[in-house]
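Hello,

Here is the structure I promised to pass on. Have a look at it first, and then read on for what I found in it.

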Amino acid sequence: MRISVGLGCFGGIFAAGLLLCSCVPTVVGGTEGYNVAYVAGELQAAEEVGIDHAWNGTEQALQDLGLVVTSKDKDDLSGSLVARGSEGKTVTVRLERLQYDRTMLRIRVGTFGDQNLSTAILDRIEERLGLRYISPRTK
């Protein structure tokens, strides 16, 4: 009797631990419904722009934020920009063409991610892409 109760309690605690420690995506929002999610340290956003336009907007946004691009690689289907900030954090933005006029952006700050900084970077990219209003004070 004691063994079955002990195993039942252990099983419940184990299941609760798995539930609490799992990587559950955080839905951040977006311009049209929920097209943005923060998953395992990476901010993912599907944007309604072609990959070339997304690439140019991303480069400009990183410059606006004072990030220095240290490497970049692009072809017709995907691209990757790696930048470094003044605090030494590495920012990686990967772009993937989903359709002719739709691109997936994946933003990671450092090894484990930084949701606030990733969101600020995405906000600036969306401003550069014309998907958000740029306030004169934030230019």
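The side chain of K74 makes a polar contact with the side chain of D52, at 2.7 Å. By polar contact I mean a pair of N or O atoms within 3.5 Å; within protein, one must be able to donate a hydrogen and the other to accept it, and residues adjacent in sequence count only if both atoms are side-chain atoms. K74 belongs to strand 4, residues 68–74. Helices (H or I, at least four residues) and strands (E, at least two) are DSSP runs, numbered from the N terminus. With a relative accessible area of 30%, K74 is partly exposed; buried means under 20%, exposed over 50%, and partly exposed in between (1.4 Å probe, protein chains only). Apart from neighbours within four places in sequence, K74 touches I51, D52, W55 and G79, where a contact means heavy atoms within 4.5 Å. The C-alpha atoms of K74 and E96 are separated by 9.8 Å, and these two residues lie 22 apart along the chain.

Before going further, a word on how to read all this: it is a predicted model, in which local features need pLDDT of at least 70 and side-chain atom pairs count only at pLDDT 80 or more, while totals for chains, interfaces and linings use all residues. Residues are numbered from 1 along each chain as its sequence is written, and side-chain values use heavy atoms, with hydrogens and water left out.

The mean pLDDT of the protein is 81, with 71% of its residues at 70 or more; pLDDT is the predictor's confidence in each residue, from 0 to 100. Please treat two stretches with care. Over residues 9–25 pLDDT stays under 50, and the model has three contacts beyond four places in sequence for them. Residues 29–33 also stay under 50, with seven such contacts.

As for the overall layout, the protein has three helices and seven strands, in the order α-β-β-β-α-β-β-β-β-α from the N terminus. Of its 139 residues, 32% are buried.

Strands 2 and 3 pair in the antiparallel sense over four bridges (two strands pair if DSSP finds at least two bridges between them). A37 has Q44 in strand 3 as its bridge partner. Two residues sit between the strands of this hairpin, where A40 takes a positive phi near 50°.

Now to helix 2, where T58 is found. Is T58 buried or exposed? T58 counts as buried because its relative accessibility is 0%. Its side chain reaches the backbone oxygen of A54 at 2.7 Å. Beyond four places in sequence, T58 is in contact with L81, V93, L95, L105 and I125.

I125 is also one of the buried residues of helix 3, along with S118, I121, L122, R124, E126 and E127. What do the buried residues of helix 3 pack against? Their partners are strand 2 (36–39), strand 3 (42–47), helix 2 (51–64), strand 6 (90–99) and strand 7 (102–109). At the start of helix 3, a side-chain oxygen of D114 comes within 3.2 Å of the backbone nitrogen of N116. After the helix comes G130, with a positive phi near 80°.

Best wishes
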